[in-house]
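Q: I would like to learn how to read helix packing and a few backbone features in a model. Can we go through them one at a time?

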Amino acid sequence: MSSHTDKPSKAGGFSSLQSTLKQVLRSQKTRQNIKNLLRVNQTDGFDCPGCAWGDNKQGAFQFCENGAKAVAWESTGKTVGAEFFAAHSVRQLATQSDYWLEYQGRLTEPMRYNRATDHYEPISWDEAMMLIADKLKGLASPDEAEFYTSGRASNEASYLYQLMGRFFGTNNFPDCSNMCHEASGVGLLGSVGVGKGTVVLDDFDAAKAIFVFGQNPGTNHPRMMNALRKAARHGCKIVTFNNLKEVALEKFASPQSPMELLTPAATTISHQYLTPRLGGDMAALRGMAKYILEEAPQCLDPAFIERHTLHFADYAAAVKATGWDEIEAQSGLARAAIVQAARVFAHSSAVISCWAMGITQHKHSVDTIREIVNLHLMCGQLGKPGAGLCPVRGHSNVQGNRTMGINEKPSEAFLARLERPFGVVFNRARGHNVYEALKALHAGQSKVLICLGGNLAAAAPDTDFTYEAMRRSELNVQISTKLNRSHLMVSHDALILPCLGRTELDQQLAGVQKITVEDTFSMVHASTGMNEPVSPLCLSETDIVARMAHATLGSSRVDWLALRDDYRRLRDLIAVTIAGFEEFNARIEQPCGFHLENAAAQLRWNTPSGHAEFLASRLPDSILPACTQEAERLIDQPILLLQSLRSHDQYNTTVYGMDDRYRGIKGRRNVVFMNAEDARRLGLAEEQPVDLEAICNDGRERKVTGFNVIFYDIPQGNLAAYYPETNPLVPIESIGEGSFTPTSKSIPVRVTPSAPVATSLAVNL
């Protein structure tokens, strides 16, 4: 029976090993997946299709529990082909859960939606390409097409995809990073001139303090836990700011340690664990800066500030003008706790700050990230071993996609370099991000949606709006490994194009091909699949993009099919058009690949001023987006702030199972984590079914029903629940300032008891 149990006392350990084995057995390819796991993240193997954490290349086991789930989920014996679609209409499939859809198995042949029958039917690859080409060439403007990208696409596929789009004439490249780390790129570019992290994996061995902001690595980046465990055991002080108490950041047992695997032993991770209110991290950071400036000025680095930065005086004045009452009220933390954290930062010789979506998916995320950078600048914590900035990316190549040009606002330098070999001039107009693409599709201004991987329907906010926007496309093209919700957002024409997974051999005319990815530390390395493709009708993503480009644009200026036939030719083109990729083919032959130079890590600032820049912003008057503030004032009922998050049996939109082991949840997902005092104040009992209604002033009702209350260690006034189940509550207009990122970590809601389920007495006559 479904239940809520107590959290485990530690993360990792034997339970992780059991979970890994369970997933391998469920794949129906046990022997093959054991071999797969021995080649995950190995020099001669394939890159894990899970997260973007870096590889240390030491030891036979370079995977984590969730990486094993990702591999087994992809390499499964279950398949979905013509017989499946003949038996299931789109209307019928739409009634199934996201978990059920993906669990049906791997897609095996290209399919086209038949509006008359409401079924997908087989189509040849040549017919599919001509359909795409005819539709694209028939558009009134290239900007009526949207080219979406998932973070799992390879560098080669992403580069070819953006090159096709730019030759077609548009910069409409919405991608998954628009919904997660866009604020990191904006904030870092504005402050240090590089939109990526400045540290490498080895820096975690040299750090004396590591600050973790708004992140749950035990579930979302489990391999990071080994780096934190190692650092903690070497005396590094780890300070965590996270809204929920997560067990992995308290105690972690490495499955590779016999003692911690087989006994109750575990490593204490966090030296200090603070749980700020949702949206309160910026205030907490401001409090740390205030302590250092006013009570520990000897810990500043005046030489660094003088030589490398601008606007410090303005920032110092803003900090001093911020009162402790305001800091405590907005952060939800006591001054003493903030000061304790500030002392660790100030008195440590090498500090790394890490963050993820708990920071980036708020209204004022860019300013919060700038505040993290401000701390590092004032103490000179950049450009030396063990010190720097580390936005921890999600999907395995989400950072590489941006490097390859998946960007709706490319720089002039990028476009000029891309144009040079072809003698062309590309469109300079700003394109669409995800927010703008959905708005354009919904308004009928965009006609074609092509998705290179991912599951936009389940990833994007405001579910009803997103569904309708996708349904209004005249052609919806999904390049996918598995069936998902995005395939069902159809009302006109649609294609499902099955692609190879990361574990599979990519055989082209020149032989077996390597692809490359870039991890969160800017390491670029090769990946080679080892398994026979699940179907001869599955093509690589690079092959599919090349065929689309050839059919749509011809090959007079770019020989798309030749680039497809031998990825070395494609990497030679990347080498002359993308900065930092010189001698690309030779450099990926190195065992660990190569590192892309980071100017900020070398104290060179690619900002307009040529300096790193402090930002003297004031704390926000409200952490809520404008579209919710007016409505909040009109509500006389208690308003709580909800964040959406993943379960432990989930990676992004892919749900592997119904358990959330680290939070004590079994067999279900419709739960809401709530402080017990909030529940009592609202007259609610644990396990009571409740409805959640978003507070917004646009006249649309956004509501989810039948969520069971779970008491949890979370600040009063805050809630947490899983996505995509709670995506319907995030208004499309609720976006971060300067980033357009959905504010999925600060959703104002009211909580009410669910209506009793009507029952009837059946009488057999």
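Q: Which residues in α14 meet which residues in α17?
A: This is a predicted model, in which local features need pLDDT of at least 70, side-chain atom pairs count only at pLDDT 80 or more, and totals for chains, interfaces and linings use all residues. Residues are numbered from 1 along each chain as its sequence is written, and side-chain values use heavy atoms, with hydrogens and water left out. Contact means heavy atoms within 4.5 Å; helices (H or I, at least four residues) and strands (E, at least two) are DSSP runs, numbered from the N terminus. On the α14 side are Ala283, Ala284, Arg286, Gly287, Lys290 and Tyr291, and they meet Trp324, Ile327, Gln330 and Ser331 in α17. By class, this contact has five nonpolar, three polar and two charged residues (Ala, Val, Leu, Ile, Met, Phe, Trp, Tyr, Cys and Pro count as nonpolar, Asp, Glu, Lys and Arg as charged, and the others, Gly among them, as polar).

Q: At what angle do α14 and α17 pack?
A: Axes are lines fitted to C-alpha atoms, for helices over the stretch in contact, and angles run from 0 to 180 degrees between N-to-C directions. For α14 (residues 281-295) and α17 (residues 324-331) the angle is about 150°, with the axes 8 Å apart.

Q: How does α14 pack against α20?
A: The angle between α14 and α20 (residues 365-378) is about 20°, and their axes are 9 Å apart. α14 is therefore roughly parallel to α20 (angles under 35 degrees count as roughly parallel, over 145 as roughly antiparallel, 65 to 115 as roughly perpendicular and the rest as oblique). The α14 residues in this contact include Arg286, Ala289 and Ile292, and those of α20 include Glu371, Ile372 and Leu375. The contact divides into nine nonpolar, one polar and four charged residues.

Q: How do α8 and α22 cross?
A: The axes of α8 (residues 155-168) and α22 (residues 412-419) cross at roughly 90° and come within 12 Å. The two helices, α8 and α22, are therefore roughly perpendicular to each other. Tyr159, Gln162, Leu163 and Arg166 in α8 are in contact with Phe414, Leu415 and Leu418 in α22.

Q: Which residues of α22 are buried, and why do they line one face of the helix?
A: An α-helix has 3.6 residues a turn, so residues three or four places apart point the same way. Buried means under 20% relative accessible area, exposed over 50%, partly exposed in between (1.4 Å probe, protein chains only). In α22 the buried residues are Phe414, Leu415, Leu418 and Glu419. Seen down the axis, they fall within an arc of 125°, so they line one face of α22; the arc is that of the directions from the helix axis to the C-beta atoms. Their cover includes α8, α21 (398-403) and α28 (567-577).

Q: Where is alanine 460, and what is it in contact with?
A: Alanine 460 sits in the loop between α24 (456-459) and α25 (463-471). Alanine 460 is buried, at a relative accessible area of 0%. Leaving aside neighbours within four places in sequence, alanine 460 is in contact with Met179, Leu438, Thr466 and Asn727.

Q: What is the phi of histidine 311?
A: Histidine 311 has phi near 75°, a positive value in a residue other than glycine. Histidine 311 lies in the loop between β13 (309-310) and α16 (312-320) and is partly exposed, with a relative accessible area of 38%.

Q: Is the peptide bond from tyrosine 723 to proline 724 cis or trans?
A: The bond is cis, with omega near 10°. Proline 724 is in the loop between β32 (718-722) and β33 (747-753).
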